[in-house]
Amino acid sequence: MCQCEANDLEKIDAIVGRIGADATRAIPVLQEIQKEFHYIPLKAIERIAATTEMTESQLYGVATFYSQFRLSPVGEKIIRVCHGTACHVGGAEGLTEALEARLGIKNGETTADMKYTLESVACLGCCSLAPVVMAGDKTYGKLDRKKVARIIDDLEGGGESR
Amino acid sequence: MSEMRKTIVVGMSSCNIAAGAEKVYGIIREKMADGLDVNLSITGCLGLCFCEPQVRVIDEDGSEHLYVDVTPERITGIIDEHLKGGRPIAAWASDLNQGAMVKLLGKQRRIVLANCGRINPERIDDYLAQGGYQALERVLRENRPAAVIDEVLASGLRGRGGGGFSTGLKWRFAYNNKADKKFVICNADEGDPGAFMDRTVLESDPHAVLEGMAIGAFATGADEAYIYCRAEYPLAVKRLDLAIAQARERGLLGKSILGTPFSFDIHVKEGAGAFVCGEETALMASIEGRRGMPRIRPPFPAEAGLLGKPTTINNVETWANIPWIIRHGAADFAAQGTEKSKGSKVFALAGKIKRGGLVEVPMGITLDEIIHDIGGGTGSKRQVKAVQMGGPSGGCVPRQLFDTRIDYDEVVKTGAIMGSGGMVVMDETTCMVDVARYFLNFTQLESCGKCTFCRIGTTRMLEILTRICHGRGKPEDIPMLEDLADQIKHTSLCGLGQTAPNPVLTTLRYFRDEYEEHIHEKRCRAGKCRDLCSFEITDRCVGCTLCARNCPVNCIAGASKELHVIDQNRCIRCGVCRDVCPFDAVAVR
């Protein structure tokens, strides 16, 4: 699924060079790969396994164990609806529904134009502002169904990109 | 810093920022570029998250004014009136010596949070000015590691991450294990939904954690450390990195610390999203670059931990207590609290609570004091129904047990656990079956899959709870839940599985009637389970139109000042009408 070009391989090698090649560096290496490509291309796993002491099974195992890693491309902006306890009690499900309706996708999906991915997260740790949504790097608190749809309007209206 | 100028300090913690602090900071910067002559600084979170963003203005004579709920409009007013005009705006300031604030702060005893929201976490000098690193200096100068351990042991400090194991004992085990290499680890993988104490401490006072770790390393004979921090806490990671760099620069970390033979350094490791990594053996597997799966103990980490070496693991709050204990002495620490739970504990108050945020209270205080006196109750007309303590490992303590004292062993008697300190307050609109389902969904997703009962048992429990919430519950479901809960508790390797059934067991213990209503009467009194409830507008309606305007599916009809009616066929039972109604005119049927 990834069309890794030669310069992508260079990027991968550079990341390994910077972070380290021994087996204990698997998680930070994959984190940097994801920062670069916004997901973990399978080609990257193959490349790292070929050039370091990490194996494909270790890397794939780690990439599928931790919820942070994704193996397919995501939208330009990730909308994370917090489903921590306080947010759940405060109506987080309604926020996900409202965003699903506004974006025309289901939770976990990406819009056809690859602009937005809608996700749930366990807890963002801003419980006193519940319910909370994080769009890109920005956190919005004390939301309701109406306000949450306005986040998308904000982003559409020339909001800063990732 | 010039004494002839006013100082303005903006709270810049994640919670402040989410509430809009960056905009406020930006406006001040703009005005400074236009010639406003003030000192500008930042600080962390004061714990008063319910009224953020906050800005503190310190006048030339040292008097302080804490402005709360600072909007962009308000900061412009504060700049014009107070900073330029010298006229503080009392209406926007919070008087800490009056009213609710006295209740809120008066019952607190701040050790871990003492510097939070007071100092600039990005400047080591601020921490030093508060006596920071004096404890480390003293233990290095005295050079008696065993005495440090005795002191921590005497303080009675117990692990603040949830387990409640004696910190001093843990250190002694590591100390007694002779090895060529030892580690200390700070568990900052604060995964319990509803808990944010550790994030706040790391963002607001990172050096306290570093100093605590350095003291622990010296005492146990370690020379290297890891802080395993959730990736969801980018600001905490940033401030830790900064604090570590500054401490290295001052010779407080690195080789030959303060000119002594003691060398010690700290690395920050970002987690990648796995709740089970809060379990110490899983956490170490994760640092080693593997899937974060727990293993059988013994051997305990103190014997064979990270990379097989003796390792001392404590959580953020535990480490942050250490410098205070060394500086003030074990006796001062142990002077507060109960017989077996000493010192203070930080709690994160959230949910249906008026004054949510962080509080640090002496052990021995009652739940009622925390929730009603400090937190102010629900802040609505509704009553508190229960408080969820300890996250997915804990339980729901009902209102009738609010005289329970905060003490590791007392809390366990209720079926909940002290946990890391999350307290989510619930009112009558919270369905306890739904809460149990929520937590089982969480633990089922986060189970690493190693133990069969944890992996499959939680799935079965979740299926049953989901069925009950959808009105398809059967009479035999309750005994089945209890049986599964018992099996999972006794056949799981780590804390995640052993405690996963707790939310179900405590809600069954205290709110069994709700389960029975769901199963037998197909009714959810809280109005949360959509298949089991409907909403009706009663004659208390005055026709304010608020519900109609907020209904997401526009199914409420009614003219202004007339009784409104819900079209039951189109209603999706989201409960928004009830939440927004100021007249309590929406009833659950």
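**Exercise 1. Determine how Arg523(B) and Glu517(B) are paired, and whether each is buried or partly exposed.**

Step 1. A salt bridge joins Arg523(B) to Glu517(B), with the closest N and O atoms 3.6 Å apart. The term requires a side-chain nitrogen of Lys or Arg within 4 Å of a carboxyl oxygen of Asp or Glu.

Step 2. Arg523(B), at 32% relative accessibility, is partly exposed, whereas Glu517(B), at 11%, is buried. Buried means under 20% relative accessible area, exposed over 50%, and partly exposed in between, with a 1.4 Å probe and protein chains only.

Step 3. Both residues belong to a network of salt bridges that links Asp513(B), Glu517(B), Glu521(B), Arg523(B) and Arg525(B).

A note on the source: this is a predicted model, in which local features need pLDDT of at least 70 and side-chain atom pairs count only at pLDDT 80 or more, while totals for chains, interfaces and linings use all residues. Residues are numbered from 1 along each chain as its sequence is written, chains are lettered from A and ligands numbered from 1 in the order in which they are written, and side-chain values use heavy atoms, leaving out hydrogens and water.

**Exercise 2. State which helices hold Asp13(A) and Arg47(A), and what their pairing ties together.**

Step 1. The closest N and O atoms of the salt bridge between Asp13(A) and Arg47(A) are 2.6 Å apart.

Step 2. Asp13(A) lies in helix α1 (residues 6-19) of chain A and Arg47(A) in helix α3 (residues 42-51) of chain A, so the pair ties together parts 34 residues apart in sequence. Helices are DSSP runs (H or I, at least four residues), as are strands (E, at least two), numbered from the N terminus.

Step 3. Asp13(A) is partly exposed at 29%, and Arg47(A) is partly exposed at 29%.

**Exercise 3. Describe the salt bridge of Asp434(B) and Arg437(B) and its place in chain B.**

Step 1. The side chains of Asp434(B) and Arg437(B) meet at 2.9 Å, N to O.

Step 2. Helix α17 (residues 432-446) of chain B holds both residues, three residues apart, about one turn of the helix.

Step 3. Asp434(B) is buried, with a relative accessible area of 5%; Arg437(B) is buried as well, at 16%.

**Exercise 4. Characterise the interface of chain A and chain B.**

Step 1. In contact (heavy atoms within 4.5 Å) are 37 residues of chain A and 56 residues of chain B.

Step 2. The buried area is about 3400 Å², of which carbon and sulfur atoms give 55%. Buried area is the accessible area (1.4 Å probe) that two parts lose on being put together, summed over both.

Step 3. Two salt bridges cross this interface. Arg530(B) forms a salt bridge with Glu97(A), with the closest N and O atoms 2.8 Å apart.

**Exercise 5. Find where Glu317(B) lies and which side chain it meets in a polar contact.**

Step 1. Glu317(B) lies in helix α13 (residues 316-328) of chain B, and counts as buried at 1% relative accessibility.

Step 2. The side chain of Glu317(B) makes a polar contact with that of Lys345(B) at 2.6 Å. A polar contact is a pair of N or O atoms within 3.5 Å; within protein, one must be able to donate a hydrogen and the other to accept it, and residues adjacent in sequence count only if both atoms are side-chain atoms.
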